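Let's take a look at a protein model together. Have the sequence and the 3D view open as you read.

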Amino acid sequence: LGLALYAGSVCVVSGATFLYHDYCIIGAGPAGLQAAYFLQQAGRDYIVFERSHAPGSFFALYPRHRKLISINKQYTGKSNSEFNLRHDWNSLLSHDRRLLFRRYSRDFFPNADTMVRYLEDFASLLKLRVQYNTAIIHVTLEKNEQAWNGHYFILTDQDRKNYKCSSLLVAAGTWVPNVVNFPGSEYVEGYETVSINPEDFTGQTVLILGRGNSAFETAENILGVTNFIHMVSRSRVRLSWATHYVGDLRAINNGLLDTYQLKSLDGLLEGDLEDLAIVKDKKGKLHITLRFYLENRNISAGIDSITLPQDELDNFATRAPYDRVIRCLGWKFDFSIYNRSLRMMPGKGNIKKYPQIKPSYESRGTRGLFVLGTASHSVDFRKSAGGFIHGFRYTTRAVHRLLENRHHGVPWPSTVYPITQLTNSVIKRVNEASGLYQMFSVLADIILLRENATAFEYLEEYPIGVLAELEMHTGRKARNGLFVIIMEYGRNFSGADKDVFYYNRAVGEAQHAWQSNFLHPVIYYYKRLPTEREMRLHHPDWPLPRPDAIHHIVEDFLTDWTAPNAHILPLRRFLENCLSTDLRNFFAESCFLFAFTHQKLPPSCQQGYVRMQGLVGSQELRHHAVQAGLLQDYTHTDFSDDRPPDSRDGSQEQLMRDHGIPVRPLQHLVNAKDE
Amino acid sequence: MSAQKDRWVSSLVFLLFCASSIPRGGSASLQQEPSPQHYFSGLEAGRASLAFFSPSVSPGAQPFLEQIESSAEALQDYGVSVVKVNCPKEDVSRYCGKENALRKAFLFRGNRLIRDFPTDALFDVNSIVANVLFALLFNEVKYIETLADLENIENVLKGKSNMVFAYVPATGTAEHRAVMEAAFVYGTIHQFVLTTEAALLRATSHDDPDVSSAWLLFCHCQQATDPAQPCRRTALAQPLTLLNIHRHLKLMGAPLVTEVAEDPEKISTVHLQLGLPLVFILSQKETYEADRRTAEFVAWQLLGKAGVALLSRDLVDLNVLHRSNVALKTPDEGMPIQYLVLEDTDEVITLVEDKNKVKQIQEDEQEEEEEDEHEKENSNQDIQDDQVVEAVSRDKKRELPLEQILVLTEENFHSSLSEAARTVVLFYASWEAVSLAVLRSYSEVAAHLKGTPGVVLSRVNCWDWPGLCSQENVTQFPTMRIYKEGQQSVTYGGMWGTQELSSFILLSQVSCPLKLATMDEAEGYLRGEFPPELSSHHHTSLLGVFSTASSKAREAFEEAGNILSGHVRMGVYFEDDALALSRKYSVSPPALLLARSGGRSVEGIALSKGSVQDMVQMIRYELLDIFPEITVPNLPQYLQLGKPFLILFSAGDISQMESKEMLKVAKGRPQQAFVACWLNLKKTPVGHGILRTYFSTTPSLPVLLWVNLHAGGQVFKFPSEQSITEMNILSWLEKLQAGLEIPSSTLSEEDWKPPLPAYNFLQMMEPSVPELSPHPGDTPAQHPPKRPGGDTAGGDTPTREEPSQESTAEEAGSPGRDLRGTAPRLAARDKQGKRHSEL
């Protein structure tokens with residue numbers, strides 16, 4: 001490390017034409033600023049390049065209709081700041097409580113201008129080092145064995161000014177509009193420029209290409225004034241409440257579905273846009289035809305010579321001519337500025353709009369280049385929230401922690417607890433942690449067991465995709481087994497074509513927790529770290545390879561997993577059985593008895609009572625424990641008492657009775673999610 | 001009943017039919033529907049058969065038919081075949097012709113009709129078997145109605161054979177069947193006598209019997225010689241089932257006392273085989289006759305509960321105490337024989353009875369558990385077995401008096417701390433049981449310290465304010481801190497009891513160590529009068545006396561004070577006249593003055609050089625009592641010494657004499673190798689639990705024990721006949737050390753395993769989600785296709801089919817199964833499997 005730092009300073013001295021920084025960040029959007037915040041907090045040498053004069057330039061333009069669809073919950077009934085972030089999708093992470101989005105807007109779906117203002121404040125209040133009006137137009141590598149990654153990144157801006165960095169964090173987002181080319185595509189207006197004034201659409205018939213939120217947002221805006229709107233795209237509509245993916249069509253935008261399904265007014269069509277062709281007639285109306293008909297023909301011959309589908313098929317769906325065709329096909333990553341040597345390749349299939357990265361967010365082509373923010377969504381596209389502020393604020397933190405360990409010898413932050421706190425630390429996190437909740441099945445809390453399972457180390461929000469390389473990435477040792485805590489939806493529950501409202505969709509009983517459908521915590525136990533091979537070969541539907549044991553905490557209507565019997569008890573039994581120990585709490589009196597009658601003590605007595613921190617318990621509590629048959633009352637001991645010392649028969653019955661009564665009548669409430 | 005008997009006699013009719021024989025199937029099922037001619041021609045002489053006649057179609061007899069069909073198998077065991085005879089329509093013979101006869105079943109021996117039964121008397125399998133055997137065993141089982149009948153039979157049997165006398169509330173019951181089945185086997189050995197008369201039951205049993213339940217007595221008439229005396233009787237204590245009767249008769253048939261001349265570890269008798277303990281009376285040549293009488297006496301008392309053997313010490317080389325006179329061998333595998341010194345035969349009997357009771361209860365529990373398991377596997381899994389969690393959740397409805405306690409939040413935390421000179425803060429999580437248990441004690445502390453000046457109690461709920469808690473570095477719940485203005489906070493590290501918490505808060509009010517300015521203050525401090533804030537608080541006071549030269553030692557002492565702050569009352573005096581103060585207690589500075597019990601005795605200890613840690617250790621050690629009363633809160637301090645305990649259990653306060661003698665023992669050796677202490681069972685009732693674990697019966701109190709808590713775990717009991725004096729104790733301890741004593745008990749070495757298994761979700765998921773198996777598609781050829789039963793993903797109940805169990809076990813890559821409580825599960829599965837096959 002010393003060498004690397006030395007090398008860095010040499011660069012500054014010798015390469016006078018270069019401005020050197022350890023970390024360069026491209027883009028001062030939410031992800032870039034978030035990364036800058038963590039680097040600043042850690043005291044690192046970094047710079048953010050922003051092509052605009054202010055942060056968040058994407059939000060200055062988009063969404064066109066200015067309504068953000070990320071929720072901004074003012075009230076949750078809780079003061080827990082970590083928990084509240086679960087329902088605050090706009091704030092970035094910081095220590096500054098002024099920088100909570102709810103202080104900027106009272107709207108549940110805030111205006112995009114507020115986001116711009118928020119990002120400006122975030123950058124200025126935290127004094128982040130952002131260099132505005134600097135568009136990076138070229139990135140290349142300079143080999144250097146002393147560099148952190150064997151090369152430096154050379155960035156060139158629009159003024160041909162060069163910057164040299166050891167590590168490059170690309171937070172440029174996806175801002176290049178997706179364009180389809182087909183005959184007649186010149187008649188198509190783009191989402192980025194189309195009018196947002198509904199009056200401009202009065203009495204018009206509109207075709208919208210695309211089926212995402214931007215398409216529906218556009219439709220929503222003009223729904224009331226148009227004759228009708230048709231929407232066409234390759235795949236069926238995916239409703240986010242059915243898929244549990246926030247990138248799919250949100251209910252706030254889906255007014256067109258109403259008119260389509262109720263009155264067959266507006267409509268959705270499926271078809272490949274590549275096959276499409278548009279011809280303009282003399283009146284300026286746009287006719288939909290197929291590329292197939294246009295082949296071998298001379299378009300200049302005029303509309304009359306072109307076969308339209310309805311000529312052959314007189315009930316062809318889009319036979320009516322349109323006044324306007326609008327393209328709302330989303331955006332893609334700007335690959336153009338990276339030199340070939342960086343091998344920034346687009347992903348395959350439906351993630352081709354994103355660059356190829358590893359689950360550690362490092363580029364597959366170049367070591368030391370990390371992709372943050374929306375552009376990093378290929379890791380969890382259509383699964384989790386990594387493409388959105390409320391998700392990537394956590395993955396950005398994870399990347400920062402990886403970098404701290406890799407370049408500065410700062411291991412992943414962790415806390416060591418005695419084993420008696422094991423159940424508690426899991427319960428605490430699954431109830432309040434926001435990172436686990438937003439980035440479900442992507443970020444995981446990791447519990448590393450110490451030898452003999454007397455203590456454990458707790459690591460938060462580690463990317464599970466690189467679980468096999470945990471020791472290398474975190475600087476922590478996982479020799480004695482580990483627990484991985486993630487949140488999951490039920491398998492086969494979410495999907496575009498799934499009925500998510502079927503009866504008995506919610507599981508109420510802890511013993512059927514594995515069939516839980518709604519987001520619920522799942523704990524994987526491994527006796528040893530899974531190998532890279534195991535990670536590579538595990539089933540794609542599963543976030544992780546086969547564990548040695550698994551536990552599901554049963555889904556909860558309130559997402560409050562603190563019920564002593566339904567949530568904590570089964571979890572404790574699971575942990576106990578993995579560790580082969582007894583994790584019950586005991587009152588001091590029980591520990592006293594054990595100390596005199598057993599050569600070994602349970603962990604709770606060993607780590608509490610014996611260290612003079614026994615739980616004495618009030619009179620009432622001990623009385624309750626006696627009544628429950630879990631503590632023997634020796635005060636009124638009758639020597640002729642027939643009951644043997646460990647007998648719990650009568651009280652056991654009592655206990656079962658006490659449990660039995662409240663459970664039955666409440667059964668229907670347990671499954672309240674059904675109703 | 002007797003009227004019935006007459007009817008049988010009257011119904012004895014010869015019936016002769018000549019016909020060809022019908023082939024007899026080997027199966028126990030109902031023989032199917034021969035014609036009457038076929039049936040009667042097939043009857044073999046001496047062979048019993050139960051027949052019923054039915055017209056081809058008779059829907060009314062259907063339920064009866066089912067019962068009789070299912071009893072066929074049971075009756076087959078007793079050589080009785082069950083036949084349904086089909087009456088042709090035109091048949092008007094004796095059995096087929098009469099409407100009446102069609103509602104009866106007929107029992108034949110050979111071709112002789114023994115009895116006919118109305119079908120309503122044969123309501124189930126039990127009644128069929130009981131009634132049929134009752135009829136067949138007419139001679140073997142005597143039915144009586146009066147006490148005179150019983151006495152007559154008894155007198156006839158005296159000196160000849162034994163009698164089994166059973167009372168059943170009604171015939172045709174399961175108990176009746178059990179008695180008849182036993183009579184079938186033992187009828188030639190013992191005379192069976194049966195009654196249904198409740199009056200007879202009352203006459204034969206001592207206390208008020210429950211006439212609704214069956215009752216069986218074994219009457220030892222064979223050995224009875226006195227015609228005036230009734231035979232000795234041994235009642236069957238268990239419910240009347242064939243197995244229990246069989247067991248009882250087996251036990252009654254065993255010799256009363258077995259003479260043994262070999263290693264008792266190798267002995268096995270009927271009793272042990274039947275799961276009963278065996279009591280050895282250790283005998284010597286000189287006392288053989290007396291021992292034999294004792295053994296017989298005990299044997300009679302324990303008849304049916306335990307076996308008794310007479311073990312001759314002269315013939316067997318026993319490595320046990322010479323004083324031992326009784327040994328107990330339990331049927332449990334691997335349990336060592338217990339050698340005891342008992343004074344009374346009653347003790348032997350209570351010992352055995354207690355043991356049996358424990359076992360019985362355990363068995364009952366086990367049975368219950370097993371039943372539960374069948375219904376719903378491990379239903380106990382979801383029953384809370386954490387005493388703290390359960391106690392707190394039972395208490396959750398009670399509102400805690402927390403008005404005295406300030407609620408701190410992220411907003412007001414720092415401002416509140418700066419307002420008071422000293423603030424006590426309890427960090428807790430409102431969902432966590434231990435936190436809530438402590439919060440209850442904390443609320444009591446608040447009530448207790450109400451109005452004490454300068455004490456501000458507050459709390460922070462970390463579930464509401466996680467940022468604040470992590471900022472204050474609170475990683476465990478609960479945590480109690482005292483924040484003092486301008487100083488580092490002090491974290492509490494003691495017992496979570498009301499008293500201990502209050503004492504800590506009070507002691508923390510004064511600085512530790514407290515700097516004393518004048519000689520008067522120092523003297524007042526040692527008397528416990530200064531500072532006035534603590535005068536109500538009775539603690540041992542510790543005063544460090546330093547000359548100006550010993551500043552290094554003083555610094556270490558002050559540092560130690562910081563560490564012990566709140567736990568120890570510490571003062572420091574380093575004025576010019578420090579020398580004079582220390583001289584008074586015949587030490588020279590640097591020195592420690594230790595004032596116990598309000599300064600009545602002050603001890604001077606010279607301070608040697610050492611680190612702060614050594615100093616802390618030394619102070620802690622010095623504060624320990626020489627002969628303490630062990631209580632729940634103070635035990636850990638003595639446990640830390642890692643020494644064996646010489647502990648006197650006393651019903652109340654110990655007598656002055658005992659205290660004096662014990663103190664002598666405790667003080668006797670300067671380098672104490674053990675902790676001498678006592679326990680007041682009134683104050684620490686859990687001590688009863690300890691004694692019950694050590695001894696089967698609670699010994700007479702006081703009892704002095706040597707407990708090797710840290711090495712080996714043996715418990716030795718000081719002989720109760722000796723008085724507790726220093727001399728006796730020391731010589732006993734010498735014997736202990738020399739290994740001449742046998743431990744009365746040994747502390748359990750068991751590890752603390754999970755109390756119950758967890759839900760095996762992995763196993764449940766496997767049938768429905770085969771992709772979870774390791775490396776799917778990696779080596780597909782090696783994985784046999786999953787059973788079709790596996791695709792029950794939508795099923796509401798978790799599938800736990802045998803195949804999945806097997807397949808997991810087979811899969812090499814399924815580590816971790818040993819951790820999941822496999823053994824009990826497999827055992828449970830075996831049982832279940834058996835059930836299935838039975839069905």
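This is a predicted model: local features need pLDDT of at least 70, side-chain atom pairs count only at pLDDT 80 or more; totals for chains, interfaces and linings use all residues.

Residues are numbered from 1 along each chain as its sequence is written, chains are lettered from A and ligands numbered from 1 in the order in which they are written, and side-chain values use heavy atoms, with hydrogens and water left out.

**A buried helix**
- Eight of the nine residues of helix α24 (residues 686-694) of chain B are buried, so the rest of the structure largely encloses this helix (buried means under 20% relative accessible area, with a 1.4 Å probe and protein chains only).
- Among those buried residues are H688(B), R692(B) and Y694(B).
- The cover over them includes α17 (588-597) of chain A, along with β25 (645-650) and β26 (675-680) of chain B.

**Two packed helices**
- Helix α5 (residues 125-136) of chain B packs against helix α7 (residues 174-186) of chain B at an angle of about 40°, with the axes 8 Å apart.
- That makes α5(B) oblique to α7(B) (angles under 35 degrees count as roughly parallel, over 145 as roughly antiparallel, 65 to 115 as roughly perpendicular and the rest as oblique).
- The contact (heavy atoms within 4.5 Å) includes V129(B) and L133(B) of α5(B) and M180(B) and F184(B) of α7(B).

**Domains of chain A**
- The domain assignment, which is automatic or from a database, includes domain 1 (19-176 + 332-402) and domain 4 (588-619).
- The centres of these two domains of chain A, taken over C-alpha atoms, are 52 Å apart.

How values were computed:
Buried means under 20% relative accessible area, exposed over 50%, partly exposed in between (1.4 Å probe, protein chains only). Helices (H or I, at least four residues) and strands (E, at least two) are DSSP runs, numbered from the N terminus. Axes are lines fitted to C-alpha atoms, for helices over the stretch in contact, and angles run from 0 to 180 degrees between N-to-C directions.
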